[in-house]
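Me: I would like to learn how to read a model of this kind, one feature at a time. Could you give me the general idea first and then the case at hand?

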Amino acid sequence: MGEQSSSGELIVRCECGFEARGEQAQLVPIVQKHGREAHNMEATPEQVLAMARPA
Ligand SMILES: [Zn+2]
């Protein structure tokens with residue numbers, strides 16, 4: 001139980017209602033995929049992280 005489940009996790013909430021949660025390395029590609037498929041937008045990792053809040 002050395003893991004800190006509350007730290008390191010981020011939440012991204014899109015304006016369309018889509019929500020993704022996870023560690024940064026998992027979250028970025030999920031949100032990029034959502035941006036492409038739902039909004040035809042290519043988001044950079046920096047843009048994804050700018051939208052992210054601590055979980
Ligand atoms: Zn969206």
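Reply: Let us start with contact, which means heavy atoms within 4.5 Å. In this structure alanine 52 touches Leu10, Ile11 and Val12, leaving aside residues up to four places away in sequence. This is a predicted model, in which local features need pLDDT of at least 70 and side-chain atom pairs count only at pLDDT 80 or more, while totals for chains, interfaces and linings use all residues. Residues are numbered from 1 along each chain as its sequence is written, and side-chain values use heavy atoms, with hydrogens and water left out.

Me: Which residues make up the largest nonpolar core?

Reply: A nonpolar core is a set of buried Ala, Val, Leu, Ile, Met, Phe, Trp, Tyr and Cys residues joined through side-chain atoms within 4.5 Å; buried means under 20% relative accessible area, exposed over 50%, and partly exposed in between, with a 1.4 Å probe and protein chains only. Here the largest core has nine residues, namely Leu10, Val12, Ala20, Leu27, Val28, Val31, Ala43, Val48 and Ala52. H1 gives the most to this core, with three residues.

Me: In what order do the strands form the sheet?

Reply: Helices (H or I, at least four residues) and strands (E, at least two) are DSSP runs numbered from the N terminus, and two strands pair if DSSP finds at least two bridges between them. In this model three strands form an open, antiparallel sheet in the order S2-S1-S3, with S2 and strand S3 (52-54) as the edge strands, each pairing on one side only. S1 and S2 are joined in the antiparallel sense by five bridges, and glutamate 9 stands opposite glutamate 23 in S2.

Me: Which protein atoms are the donors of the zinc ion, and why is their arrangement tetrahedral?

Reply: Donors are N, O and S atoms within 2.8 Å of the metal (3.2 Å for Na, K and Ca), and water is not among the atoms, so sites may look incomplete. Four donors count as tetrahedral if all angles lie between 85 and 135 degrees. For the zinc ion the protein donors are Cys14 (SG), Cys16 (SG), His34 (NE2) and His39 (NE2), at 1.9 to 2.3 Å, and the arrangement is tetrahedral because the four donor atoms subtend angles of 104 to 116°. Cysteine 16 lies in the loop between strand S1 (9-13) and strand S2 (19-23) and histidine 34 in helix H1 (residues 24-39), so this pair ties together parts 18 residues apart in sequence.

Me: Are cysteine 16 and histidine 34 buried or exposed?

Reply: Cysteine 16 counts as partly exposed because its relative accessibility is 45%, whereas histidine 34, at 13%, counts as buried.

Note on methods
Four donors count as tetrahedral if all angles lie between 85 and 135 degrees; four count as square planar and six as octahedral if opposite donors are over 155 degrees apart and all others between 65 and 115; anything else is irregular.
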